[in-house]
Amino acid sequence: MSSNGIAEHLQHVLSEENIVFEPVALQLIGRSANGSMRDALSLLDQAIAYGGDSVNEKEVRAMLG
């Protein structure tokens, strides 16, 4: 999958779950997943836990290193 496609799906998931996010953070996760939705969902789960039930660019960058 493309990183944009992954980011769009993650945006849908977070919207359904009423979790606050920054679109840039989802793009970062999409790129880091290297085309794997399973990896993207795993990274998203980590980002939610790391960010205290939100997903923002600063914390995703720190998480990804």
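This is a predicted model: local features need pLDDT of at least 70, side-chain atom pairs count only at pLDDT 80 or more; totals for chains, interfaces and linings use all residues.
Me: Is glutamine 11 buried, exposed or partly exposed?
Reply: Buried means under 20% relative accessible area and exposed means over 50%. Glutamine 11 has 36%, so it's partly exposed.

Me: And which residues does glutamine 11 touch, leaving out those up to four places away in sequence?
Reply: Phe21 and Leu26. As for aspartate 45, it sits 34 residues from glutamine 11 in sequence, and their C-alpha atoms are 13 Å apart.

Me: How do H3 and H4 pack?
Reply: Look at the angle and the axes: H3 (residues 37-50) and H4 (residues 57-64) pack at about 115°, with axes 10 Å apart. Their crossing is right-handed. On the H3 side, Leu43, Gln46, Ala47 and Tyr50 make the contact, and H4 brings Glu59, Val60, Ala62, Met63 and Leu64. Sort those residues by type and you get seven nonpolar, one polar and one charged.

Me: How many salt bridges are there?
Reply: The cut-off is a side-chain nitrogen of Lys or Arg within 4 Å of a carboxyl oxygen of Asp or Glu. By that rule, the count is one. Arginine 61 and glutamate 57 form a salt bridge, at 2.9 Å from N to O.

Me: Where do arginine 61 and glutamate 57 lie relative to each other?
Reply: They're four residues apart in helix H4, so about one helical turn separates them. Arginine 61 is partly exposed at 45% relative accessible area, and glutamate 57 is partly exposed too, at 25%.

Notes:
Residues are numbered from 1 along each chain as its sequence is written. Side-chain values use heavy atoms; hydrogens and water are left out. Axes are lines fitted to C-alpha atoms, for helices over the stretch in contact, and angles run from 0 to 180 degrees between N-to-C directions. Helices (H or I, at least four residues) and strands (E, at least two) are DSSP runs, numbered from the N terminus. A crossing is left-handed if the near helix is turned anticlockwise from the far one by less than a right angle, and right-handed if clockwise. Contact means heavy atoms within 4.5 Å. Ala, Val, Leu, Ile, Met, Phe, Trp, Tyr, Cys and Pro count as nonpolar, Asp, Glu, Lys and Arg as charged, and the others, Gly among them, as polar. Buried means under 20% relative accessible area, exposed over 50%, partly exposed in between (1.4 Å probe, protein chains only).
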